Amino acid sequence: MARVFRFRAPVWQADVDAFGELRTATLVRFLQETATRASNDAGFDPAYYLRTGALWLVRRTMLSRLAPARYGDELEAATWVADFRRVRSQRDYEVRAGERLIARASTDWVFVDRTSGQPKRVPKEIEEAFDAEGTVPATRGPFPSPPEPPHATRLGRRVELHDLDALAHVNNAAYLHYVEQGAEDACAAVGWPLQAQLADGGRLRPVAHDIEYRDAALYGDVIDVVTWPVAVGERAVERQTILRRRASVDVLVRVASRYAWTTIDDDEVAMPAALRDGLAAAG
């Protein structure tokens with residue numbers, strides 16, 4: 001059996017957004033902290049990675065938000081290693097608040113050399129510690145990558161100091177702020193800014209993200225968040241790319257997300273026809 005680790009933490013007031021719900025970026029940081037503590041618990045603490053000159057980087061995160069978490073909730077994350085490949089490992093998670101299932105997620109981690117950043121073989125001692133009997137490698141589907149249309153919504157911004165983590169690049173969770181703001185900008189571009197959504201009795205709420213991290217954004221980088229709908233029905237499906245502006249444009253992150261129309265009482269209902277038609281036309 002795979003080694004299961006559990007970590008509990010409360011939702012603080014500073015963790016919730018303007019709607020009283022746990023921010024997606026904070027949820028992803030909670031998963032990252034859980035993974036770090038799971039590694040420490042198995043004997044692979046920061047000193048081990050410094051000594052061996054290696055570290056783990058997130059290559060892809062798939063997250064489904066199943067219910068809102070709010071201030072005062074006590075979250076418990078359960079995590080386990082789903083598989084090991086030569087230089088990769090998929091870690092799965094479930095997050096609950098009491099009996100409520102808040103989220104499911106998986107992260108695909110790459111084991112890399114700390115100096116060069118190049119992938120390196122996962123040590124046998126790590127594989128044996130997390131699953132002594134061995135795992136069957138999980139199937140990794142290709143990331144969806146439809147082409148960006150010429151009328152996609154663009155949000156430009158500069159990477160600031162508060163965006164960086166201990167590795168001095170934009171933390172994987174921080175990209176969720178860019179992603180969800182890009183979705184709001186796409187709504188505004190078709191005449192449905194946040195104020196109009198709230199006036200209609202609801203809002204477009206993120207319910208799932210699939211994020212592929214291709215390169216690191218660094219302090220001072222100027223980036224573009226490009227957003228466009230690819231399917232609009234009961235839920236809106238959007239694609240995004242986050243690009244670094246240089247002489248040649250670098251793709252930093254690719255994103256596939258789903259959004260649902262949610263009332264102020266957290267009920268998922270049909271999206272307003274005008275918003276649905278506007279997003280469909282923009283796609």
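These notes go through the predicted model of the chain point by point.

1. Basis. Residues are numbered from 1 along each chain as its sequence is written. In this predicted model, local features need pLDDT of at least 70, side-chain atom pairs count only at pLDDT 80 or more, and totals for chains, interfaces and linings use all residues, while side-chain values use heavy atoms, leaving out hydrogens and water.

2. Confidence. Among the elements, the lowest mean pLDDT, 83, belongs to strand β9 (residues 235–244), and the highest, 98, to strand β1 (residues 5–10).

3. Overall form. The chain has six helices and ten strands; helices (H or I, at least four residues) and strands (E, at least two) are DSSP runs, numbered from the N terminus. Its C-alpha trace spans about 55 × 50 × 35 Å along the principal axes. The radius of gyration is 19 Å, which agrees with the value near 19 Å for a compact globule of 283 residues. That radius is taken over C-alpha atoms, and the globule rule is 2.2 Å times the number of residues to the power 0.38.

4. Burial. Of the 283 residues, 48% count as buried. Buried means under 20% relative accessible area, exposed over 50%, and partly exposed in between (1.4 Å probe, protein chains only).

5. Helix α4. This helix has 15 residues and reaches 21 Å from its first C-alpha to its last, close to the 21 Å expected at 1.5 Å a residue. The expected span is 1.5 Å times one less than the number of residues. Buried residues in α4 include Tyr-175, Leu-176, Tyr-178, Val-179, Gly-182 and Ala-183. An α-helix has 3.6 residues a turn, so residues three or four places apart point the same way. After α4 comes Gly-191, with a positive phi near 90 degrees.

6. Most residues other than glycine have a negative phi. Ala-168 has a positive phi, near 65 degrees, and sits in the loop between β6 (153–158) and α4 (175–189). Ala-168 counts as partly exposed because its relative accessibility is 44%. Asp-266 has a positive phi near 70 degrees, in the loop between β10 (250–263) and α6 (273–282). With a relative accessible area of 30%, Asp-266 is partly exposed too.

7. Leu-194. This residue lies in helix α5 (residues 194–199). Leu-194 counts as partly exposed because its relative accessibility is 31%.

Notes:
pLDDT is the predictor's confidence in each residue, from 0 to 100.
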